[in-house]
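Student: I would like to learn how to read side-chain features in a model like this one. Could you take me through it, step by step?

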Amino acid sequence: MAEAKKVFTTEELKEHKSRKTLWMAIHGKVYDITEFMDEHPGGPEVLLDSAGQDATTDFEDVGHSDEAREMLAKYLIGDYSETETAKKAIPKAASAAQTSSKAASTGGFPAWLIPVALIALAIGVRYYFVHYKFTPSCRHLERTGSRRHI
């Protein structure tokens with residue numbers, strides 16, 4: 001028989017935001033990541049900034065790998081339920097749509113654009129030097145009949 005998971009409130013989550021006990025909620029689940037703090041590739045400070053609260057947006061903004069998402073299961077301790085009436089539950093699909101539209105409206109651009117732009121710039125510079133920079137300076141040699149390049 002499956003064991004019932006404990007449901008944590010915002011108030012309970014706020015009590016665990018230190019190096020001794022670090023909890024956070026991601027996608028409606030609560031994780032005790034105290035043991036993982038020193039192993040986190042971004043360092044413990046990144047985790048402490050989002051500790052004791054719903055860190056779904058922070059987690060998704062970073063773009064964690066599938067492996068990182070699978071690692072969460074090890075630290076799962078229960079479900080998350082907001083008790084504050086001012087906050088309304090947003091479906092995951094709507095939340096994802098808001099996150100992507102927020103990134104687009106804040107001037108975010110695809111990361112692949114930088115290497116593509118650098119390659120295009122390198123090709124353009126090479127084309128300029130091969131076809132315009134060196135060619136005209138050598139044309140005077142054709143008129144004089146000399147084949148010797150200086």
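Student: Is Phe-129 buried or exposed, or partly exposed?

Tutor: Phe-129 counts as partly exposed, at 35% relative accessibility. Buried means under 20% relative accessible area, exposed means over 50%, and partly exposed is in between, with a 1.4 Å probe and protein chains only. Keep in mind that this is a predicted model, where local features need pLDDT of at least 70, side-chain atom pairs count only at pLDDT 80 or more, and totals for chains, interfaces and linings use all residues. Residues are numbered from 1 along each chain as its sequence is written, and side-chain values use heavy atoms, with hydrogens and water left out.

Student: Where does Phe-129 lie?

Tutor: Phe-129 is part of helix H6, residues 113-133. Helices (H or I, at least four residues) and strands (E, at least two) are DSSP runs, numbered from the N terminus. The protein has seven helices and four strands, in the order β-α-β-β-α-α-α-β-α-α-α from the N terminus on.

Student: Which nonpolar surface patch includes Phe-129?

Tutor: One of about 1,300 Å², whose members include Trp-112, Leu-121, Tyr-128 and Phe-129. Patches are made of residues with over 30% relative accessible area and no salt bridge; like charges are joined within 9 Å, and nonpolar side chains (Val, Leu, Ile, Met, Phe, Trp, Tyr) within 5 Å. Areas come from the Shrake-Rupley method with a 1.4 Å probe, and for residues only the protein chains shown count as cover. The protein exposes about 11,500 Å², with carbon and sulfur atoms supplying 59% of it.

Student: How do I read aromatic pairs, and how many are there?

Tutor: A pair of aromatic rings is described by the distance of the centres and the angle of the planes. Rings of Phe, Tyr and Trp (its six-membered ring) pair if their centres lie within 6.5 Å; planes under 30 degrees apart count as stacked, over 60 as edge-to-face and the rest as tilted. The count here is three aromatic pairs. One of them joins Phe-36 and Tyr-75, which are tilted at 5.7 Å centre to centre with 50° between the planes. Phe-36 lies in the loop between strand S3 (29-32) and helix H2 (44-50), and Tyr-75 in helix H4 (residues 66-75), so this pair ties together parts that are 39 residues apart in sequence. Phe-36 is buried at 13% relative accessible area, and Tyr-75 is buried at 7%.

Student: What arrangement do Tyr-128 and Phe-129 form?

Tutor: Tyr-128 and Phe-129 are edge-to-face, 5.3 Å centre to centre and 75° between the planes. Tyr-128 is partly exposed, with a relative accessible area of 42%.

Student: And how many salt bridges are there?

Tutor: Side chains of opposite charge can pair when their charged atoms come close. A salt bridge is a side-chain nitrogen of Lys or Arg within 4 Å of a carboxyl oxygen of Asp or Glu. The count comes to four. Among them, Glu-45 pairs with Arg-19, with the closest N and O atoms 3.4 Å apart. Glu-45 lies in helix H2 and Arg-19 in the loop between helix H1 (10-14) and strand S2 (23-26), so the pair ties together parts that are 26 residues apart in sequence. Another joins Arg-69 and Glu-60, at 2.9 Å between the closest N and O atoms.
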